Amino acid sequence: MQVPRKKRHSIARGRSRAKRNKGTKNSAMLDLYAVKTQIDEMVADERHAQQDYREKLEIAVREYRRWSPEWQRLAEKIARSRTSWLMPGLVEALDGPSALPARPEQISIAATDGSQIFPDRHEISSCFLINIGYILLHYGTGEKPLMSSKPSLYYREDEVFEDWGGRRIFVNRELVGAKRGLMEFTELADLALAAQEMGHRVLAFSDGTLIQWSLEGKPQDFKQYFLKATMKGFDKLAAAGIPIIGYISQPGSQELVNALKLGLCPQQAADCDRCPWRKENQLGLDATEKEGLDEQLWRGRVPCSPVEGINDAVLLRQILEPGQRTPVYRSSSKILEEYGPHWIYFFYVHVGQEIGRVEIPQWVAEDKEMLALVHACICDQAEKGQGYPVALSEAHERAVVRGADRETFYRFLRDTFVKNDIRANISTKSFKKRHAGI
Amino acid sequence: MSTVEEKKSNPLSRFMGDEANAVSAWDAEKTHVGEIVESSTTELVAEAPQLHGAPSFGQFVRVDSEMPIIGIVFNVFTHSIEPNRRPTAYGKTEDELRMEQPQIFELLRTEFQALVIGYIDDIGPAQVLPPYPARIHSFVHLCSDEEVRAFTRTDDYLRSILNTSKIPTDELLIAALRQTMRAHEGAHAYLVRMGKELSRLLGDDYDRLSSIIRRAAY
């Protein structure tokens, strides 16, 4: 007997919770039996979701093809509408994949990545460490690559306390993460410039997005400090003519799908806050008006919902062939208003194993030659790295601080403190973690 | 000195590891073929400064120290420097790989093992195990012909080779003999002495003796 999906789900949840409590009675660790039951339930739900998903995907592909010849009309609608979602700026086209250009025989790829040991107040000292991995690979020359890493330890008063927005705060994970992200970027710019100075034609690869959206809503001085340093890096790269790209593997972004959602909206100019299909916006309408609106619903949901839940990568997997890229789109993130001449554009590319998202500043997007170079190099890098740019994965390997390294670091620290007779203490929680008694 | 200054002016040097900078400053006068990474009284493991740059099987090596230690290379191996990363087949020649996958050569190391057969003190070469093992990070050099000749004035080291169990003993013996014969420039007196010593060591195992001599003289 088929139980309605929603119902099944709630029954399943209730049962699993009861089991979870019972199952823990004689095991201190993860109760695998309880987990397995929940996994089975999850898979059953997932299968239902997938059928729904396939249908949504077909609709998305159809819509993408439908809008391609009249992408300008869609672009105009985007400009007219007020949505709560991030929209792509359609500047060239919507569809129309570009074939893979050839990579120049001699090219160098610079990449950086960072990793850290977060400050731990349960430890002997509240210092933190940032490790940056540097990669400079030369192709077509046989020259020895540069592969290294540099750790920096931060421990001084002015390093572990920071003043932002009139408040003095002890560094936390977020701040260390932001600092690391900035270092990755500025060090990448410097590495690429140094490589160019040595006579190499170079491209700079950054891991992840170039859009510092996380700065939105941060204290003004904090935001300005990070933006200023980032822009300085962009300025130097632009002046030197070194293309920089941010590569995002398995992107979850939905800008293109959002544009299709807008395309599905029956209104001339959408305004999501006043969406007439939402019950809360239907006050004061008579029965016939309501009926008319209800007819436009998709399975009882608002008219833009058929492509809800699909992301750009899933859609483009159906469109792009290996090596092909989409046209370039303009990002509409609010933070980019502070980027000056370095507004970020993006495209998706089928690198062989997956659809990746490539972000580039405006001056790369507008230079046909640089754009072709970026396209060729990203595919070449992904091919060399069996699906993921080899320079980025090597940078990660250099940067990564593993659990064992962290242990060694704190052991060093403790030993050195003791040898030098410096008073320090570690929290009882930390002590308990190491020596759990019975 | 000029090379050090040159390196400093390299804008990339800031991004290189400290060891890389130190090594490049050394480049000019570097003559070692290995650096000790594991050491015991009877055996050494050394890392070659370059990939595939180890001395050959059977070569005599000397470890720098107050009492230089003499060893014979009995195993050379190349492996990944990262325990969880293994080399995989790319279907390309080494030249192609150097052009298009340059990073892999940075992730491989060549190391070699040497059997300790003696040392040199104030009096001269001694064919007994040294009182102390070689120190970790000491440099390993190839023995010159002259050093090999001096060390092989007596033949007790042959017994050391024959007495070890974990290595292909006969093969090592043959390789070592070929090295020493070259150092002695094939001197007739040396060949005769070797033959006599071997026949004494191998007792009545005539087949083994003739196989060794035949292959060493080949």
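Colleague: What do the buried residues of α12(A) pack against?

Modeller: They pack against β2 (107-117), β3, β4, β7 (202-207), β8 (244-248) and α11 (368-384) of chain A. Helices (H or I, at least four residues) and strands (E, at least two) are DSSP runs, numbered from the N terminus. This is a predicted model: local features need pLDDT of at least 70, side-chain atom pairs pLDDT 80 or more, while totals for chains, interfaces and linings use all residues. Residues are numbered from 1 along each chain as its sequence is written, and chains are lettered from A and ligands numbered from 1 in the order in which they are written.

Colleague: Why is α12(A) called largely enclosed by the rest of the structure?

Modeller: Eight of its 10 residues are buried, so the label applies to α12(A). Buried means 20 or more other C-beta atoms within 10 Å of the residue's own; exposed means 12 or fewer, partly exposed in between, with C-beta atoms placed from the backbone. Among the buried ones are Val390(A), Leu392(A) and Arg398(A).

Colleague: What makes Pro83(B) exposed?

Modeller: Pro83(B) has 7 C-beta neighbours inside 10 Å, so it counts as exposed. Pro83(B) sits in the loop between β4 (69-80) and α3 (94-100) of chain B.

Colleague: How many residues of chain A are in contact with chain B?

Modeller: 18 residues of chain A are in contact with 13 of chain B. Contact means C-beta atoms, placed from the backbone, within 7 Å. β3 (128-139), β4 (146-154), α5 (173-197) and α12 (390-399) of chain A each supply at least two residues of that side.

Note on methods
Contact = placed C-beta atoms within 7 Å.
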